[in-house]
Amino acid sequence: MTKRAALGVVITLVAIVALVFGAVMDPRRAAFAYLDAYSFCLTVVLGVLFWVMIGHTTNAVWFVVLRRTAERAIVPLPLLAVLFVPLLFARRLLYPVETSPTYPGAPDTYSSITFFTVRAVIYFAIWCSFSFFLRRW
């Protein structure tokens, strides 16, 4: 293992320990911190995926220089799909309106957990397939 890979493993382990410690001490704050970090990473990867799609659609000559780097940046998209699972478990902490008695009809509306999960699976399936096929081209 190279020094760079070992450093990545150490940083990942420290982050996991910090997340578990935060979840034990204050679950709601840890859930919001996880959501914030996750949203940042997903936004960056989806932004790069958007530019790769534009580069392929327009056959842009200027994008040839950046194409390989951008394609490497969208590789973690399936990992982000797996890292979405903790957000499903923390959903009650993040979105308390779902269980609020003042919000009538919450279980069978757009915000229900089943519909939320189905939408997430569909979105990630589409994004991951775009990522896979654009990298193969």
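Visitor: What volume does the second largest pocket have?
Guide: About 230 Å³, and keep in mind that this is a predicted model.

Visitor: Okay, and which residues are closest to its centre?
Guide: Tyr-38, Phe-84, Leu-87, Phe-116 and Ala-120, out of 14 residues that line the second largest pocket.

Visitor: Which element gives the most to that lining?
Guide: H7 does, with six residues. H7 covers 113-136, and H2 is the other element giving two or more residues to the lining of the second largest pocket.

Visitor: How does that lining divide by class?
Guide: The second largest pocket is lined by 12 nonpolar residues, one polar and one charged.

Visitor: Now the largest pocket: what's its volume?
Guide: That one comes to about 610 Å³. It has 18 lining residues, and Ala-15, Tyr-34, Cys-41, Leu-80 and Leu-83 are the closest to the centre.

Visitor: Switching to packing, at what angle do H2 and H3 cross?
Guide: Roughly 140°, with the axes coming within 9 Å. H2 spans residues 27-58 and H3 spans 64-73. The two helices are therefore oblique to each other.

Visitor: Left-handed or right-handed crossing?
Guide: Left-handed. On the H2 side, the contact is made by Val-45, Val-48, Val-52, Gly-55 and His-56, while H3 brings Arg-67, Ala-70, Glu-71 and Ala-73.

Visitor: What classes are in that contact?
Guide: Five nonpolar, two polar and two charged residues make up the contact of H2 with H3.

Notes:
Residues numbered from 1 in each chain as written. Predicted model: local features only at pLDDT ≥ 70, side-chain atom pairs only at ≥ 80, totals over all residues. Heavy atoms only, no water. Axes fitted to C-alpha atoms, helices over the stretch in contact; angles between N-to-C directions. Helix = DSSP H or I, 4+ residues; strand = E, 2+ residues; numbered from the N terminus. Parallel < 35°, antiparallel > 145°, perpendicular 65-115°, else oblique. Left-handed = near helix turned anticlockwise from the far one by under 90°. Contact = heavy atoms within 4.5 Å. Nonpolar A, V, L, I, M, F, W, Y, C, P; charged D, E, K, R; others polar. 1 Å grid on protein atoms, 1.4 Å probe; cavity = no way out; pocket = protein on both sides within 12 Å on 5 of 7 lines; lining within 4 Å. Points joined across faces, edges and corners; volume = space filled by probe spheres on them.
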